[in-house]
Amino acid sequence: MAELLSRTRETTVAAILEDDTCPQLVIGPFGAGKTRVLGSLEDRLIAREYVVLRVVVPPGEGPGDGIGRTLDQFRQTLDISRQLGEQLKRFGHPRLAKATATLTRKAQIAPIRVQQTISASGRAIVHADGAQGLQIQWGDHLGVLDRALGDHVVEAITRAGRRRRVALLIDDVQHLDEKRGVAWLLELVRTLRGVRVVAARRGAAADTVLGRVFRSHGLGPLSRDDVAAHLAQRLGAGVEPALVDHVCLVTGRLAWGVGVLAEGLARARGETAGPPVVPTGPLELDELFGHVLAALPGELRTALEQLAVLREFDRAAAVHMLGAGGTPPGRAEAVLDELVDALLVETGVLGTDPRTRSADVAHAPTSLRLPELVRRVAGTSARAQGPAGPAELHRRAADFYQAAVDAAGAETGDPFAHWSALEGGLAQRYFSEWVHHVAHAEPRLRSETRSKIIRWYLEGFFWYEWKVPHWFCSSLLGYCAEIRRTNEDVEWLDCLAALHQNYPRGWRKAAEPATWRRAIDALTHLRTTGWQPAGPPAEVTDAGQVFALATHLLAECFHYSGASPQAAEERYLEAAEWYVGEYNDWNRRYARLHRIDLAVAYDLREVAPGELTELLEYARGVGDVEMFCLALRVAADAHLRRGELRHAAAAIAAATLHALAYQAKQLLLPQMHNFPDGYTREVYLEMIARTGALVAEVRERDAAVATRVEAALVDLFAPFWDGGAGERDAMLPPPPSDRELGVGDGDYVRRVRWLVELRSRHLWRVTVDPEGLGLEA
């Protein structure tokens, strides 16, 4: 579509470019052309060799008050920082992207029960009881993260500005919370010296905090001459004055309305012999677009109705929706281009060309969207054709997003492929959109759909959540809120929520019997959703995985609660039987390892050394540090029960060394930026506690051996303190602090890596020799 920028808007752009003494604010109603002004500024600043960072403030989606609002406001600033980080990374400055990934992970501690209290000073404090029974002061916690975000943003933009000037363009700032969000932005602007800042917002600004700090530029309706000039550009010379007057009357001379209507008139003139026709009388925007939609060629009108169910989408999703509706693939691309050119599909804010073919480049899912007005009117038109229409459109969208997530997961080759692919971000958006659309496509979820969601949750829970809270499971339950709103049968969702709330995290697995009972009841019910009378399936299925994983976690509940070791033994055996196929090799071995751990802990049977040897060799072969570490720890317990004190001490020392190496390894993996470093810290904390308990028990049996064990441990871990890491006050290195989590290039990781390098001969040894660790007989 031809550029629609009036003389007034040209003057506004010129005035902003001339004034770099203070931040600038472009204001106006919907459709006034604010985003076009920012686009024009972006082009001209790039021509002046600026580093241009352009972001959009997302609308709030959380509850209107309380802790939900606090979290929602934080997500806004986090999203802004993430957008900035991705753009700076393209300019060769990756630090902000890494920092926002770390802070995203640290913010994923979902509150379970919320209570607000008033302190003696009159300050309101919101407490959230986490699954571990921890009291978290959310206001303080998110305040610290907010300040950290601001610091990271300032540092990253300052670095980028050392060689080239930087301009920050921010759209839709009306979505910022007037108190907290605006204060964050103002502090950012105050600190960013030498950076051009231009913001745009809907509505007036004189009575806002931004309006008192920024220099405001109001955008109102176009002039009549601007409307006439644009119509002449689109329709050719000789536009009748009456037509200009009609367009001014109908659109209120708003830039967006004039642009859309002019595009429709140009198309109608090319397709019919008669003069263009416009409605008579002033129209509300909804009514205006209703006329525009009705006047569109049937192909474009149908395309908008098919896209109206989508929220944020990329080109691949749009082409799928149009193709599923009968549009040939090649034509679907052209139709999408026409909708973009007609301003009926908006492009993303990151500067991605939406007309690049979907086969050429992978787009971010926010690269395309229908304007709110277009989506609303087109959706109403689709619903007018009957309830089956929207449901079928949601089904098509759900099919696309499910296939996209499955494909992304298959590329990873991970046993938990369905969720591990979500590390990249794109598949995470696909995942949330699948849940949204399936909720509207199936008023009563099919058993296949329900099993897939439960499987995804349990796989994420089994991999991360059973030790520390992680964003995946919390996010999935959040996505499923839409299913609660549209479906009647949500008992399975209640069970997932009960499991999420009651299963105790942390290596200690400490909880009251009533808490364990609620987790056991939830898992018992979830098992029934995947049970098959014929027994385990021949190949992996969603329902079969649900039964196997729920059974495994149920065994863990009986095991760690001590409620019934015999029941735990039975469930471990049953889980191993239902873990079918090569896909489940890893799962079966973990079920076996946990069953051996149970047998040693409760003295259920004599564990043969060969049972653990096979597991250690498997873990070494696949590089699974955690399994290797756990198997060594169980071996230490088995040696201790047999009275083999030196072998027990050697095994626990090797296990602890592996746990510490595991911590450093995860901190150094950028592709696992969503791996909660607290998980590996829990593994190491368990080894510290187990080592202390084992040394204490050895001392009770033989004080001389205990002395040699302590000396051997001190010598083994001595390199950690080399170079002045503080005064040594324990046998073992401390766990990483909260500040050190997520920092791959910090002093803690450097010292652990130095220790591991010097002690590498003790790693991956299936048979641990006590003499090699200084524990001679």
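Pairing here means DSSP finds at least two bridges between two strands, and the strands are DSSP runs of E, at least two residues long, while helices are runs of H or I of at least four, all numbered from the N terminus. Before I go on: this is a predicted model, where local features need pLDDT of at least 70, side-chain atom pairs count only at pLDDT 80 or more, and totals for chains, interfaces and linings use all residues. Residues are numbered from 1 along each chain as its sequence is written, and side-chain values use heavy atoms, with hydrogens and water left out.

Back to that pair. Val51 sits opposite Val166 of strand 6, and Arg54 is opposite Leu169. On to strand 7, residues 196-202: four bridges tie strand 6 to it, again parallel, with Ala167 facing Arg196.

So how covered is strand 6, residues 166-171? Six of its six residues are buried, meaning under 20% relative accessible area with a 1.4 Å probe, protein chains only. One side carries Val166, Leu168 and Ile170, the other Ala167, Leu169 and Asp171, and both faces are covered.

Now zoom out. The open sheet has five strands in the order 2-6-7-1-8, with parallel pairing. Strand 2 and strand 8 (215-218) are at the edges with a single partner strand each, so one side of each has no neighbour in the sheet. On average, neighbouring strands are turned by 20 degrees against each other, direction ignored.

Strand 6, helix 6 (residues 180-191) and strand 7 form a right-handed β-α-β unit. Right-handed means that, with the strands pointing away from you, the path from the first strand over the helix to the second runs clockwise.

The axes of helix 27 (residues 609-622) and helix 28 (residues 625-641) come within 8 Å and cross at roughly 160 degrees. Those axes are lines fitted to C-alpha atoms over the stretch in contact, with angles from 0 to 180 degrees between N-to-C directions. Over 145 degrees counts as roughly antiparallel, and therefore that's what helix 27 and helix 28 are.

Who touches whom? Contact is heavy atoms within 4.5 Å. Helix 27 brings residues including Leu612, Leu615 and Tyr618, and helix 28 brings, among them, Met627, Phe628 and Ala631.

Terms used. Buried means under 20% relative accessible area, exposed over 50%, partly exposed in between (1.4 Å probe, protein chains only). Angles under 35 degrees count as roughly parallel, over 145 as roughly antiparallel, 65 to 115 as roughly perpendicular and the rest as oblique.
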